[in-house]
Amino acid sequence: MVQVITGEELAKIIKSEKIPNKDYLVIDVRDEDWVGGNIKGSRNIPSADFPAIVHELVNETNDIPVVIFHCALSQLRGPKAAKIYEHTRLLASGASEEDTGNTVDYNVFVLQGGFVQFQDQFKDDPSLVENWDSGTWATEWMVENVDDDPEYTEDQGA
């Protein structure tokens, strides 16, 4: 079952002795809104491309015990990609949905609040956020792009 991870919990993982792409992997499924910064060491796979490469991704990451997904707010694209990934990885392992508690040796997470919240908290820490651009996160940019992105207008209660 996909779980939620907070920004603070992810920051602890990144700053720990754990090795990215071996002990954990952060997958950013933002599309054109990826510009302006990212979580250090994350891998960008645009949500539009995700369904076409999920089997390849599962094959590449089947030894990674912690996989964390996010998008801008982790309300739509991130959770959807996490569920698709988890289901595909489960089927690839030969386990059934009923067996997950006993046979699965990995965890799939969605970053609570997405990159918007993470960058707001950690943008000044280069060990956590890279390629951060203050101009991208200016109020005008956010207002302009929020109106064009269905994720931002999605009803959080749905």
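What follows is a short chat about the sheet and the helices.

Modeller: This is a predicted model, where local features need pLDDT of at least 70, side-chain atom pairs count only at pLDDT 80 or more, and totals for chains, interfaces and linings use all residues. Residues are numbered from 1 along each chain as its sequence is written, and side-chain values use heavy atoms, with hydrogens and water left out.

Biologist: In what order do the strands of the open sheet come?

Modeller: The order is S1-S6-S5-S2-S4, five strands with parallel pairing. Strands here are DSSP runs of E with at least two residues, helices are runs of H or I with at least four residues, and both are numbered from the N terminus; two strands pair if DSSP finds at least two bridges between them.

Biologist: And which strands stand at the edges?

Modeller: Those are S1 (3-5) and S4 (43-44), each of which has a single partner strand, so one side of each is left without a neighbour in the sheet.

Biologist: How many bridges join S5 to S6?

Modeller: Four bridges join S5 (residues 66-70) to S6 (residues 107-111), and the two run parallel. Within this pairing, Ile 68 stands opposite Phe 109, while Phe 69 stands opposite Val 110. On the S1 side, three bridges join S1 to S6, with Leu 111 as the bridge partner of Ile 5.

Biologist: Changing topic, how do H2 and H3 cross?

Modeller: The axes of H2 (residues 50-61) and H3 come within 9 Å and cross at roughly 50 degrees, where axes are lines fitted to C-alpha atoms, for helices over the stretch in contact, and angles run from 0 to 180 degrees between N-to-C directions. H2 and H3 are therefore oblique to each other, as angles under 35 degrees count as roughly parallel, over 145 as roughly antiparallel, 65 to 115 as roughly perpendicular and the rest as oblique.

Biologist: Which residues meet there?

Modeller: Among them are Val 54, His 55 and Leu 57 in H2, and Ile 84, Tyr 85 and Ala 92 in H3, with contact meaning heavy atoms within 4.5 Å.

Biologist: Is Ala 92 buried or exposed?

Modeller: Ala 92 is exposed, with a relative accessible area of 55%. Ala 92 and His 55 are 37 residues apart in sequence, and 8.5 Å apart in space from C-alpha to C-alpha.

Key: Buried < 20%, exposed > 50% of the residue type's maximum accessible area, 1.4 Å probe, protein only.
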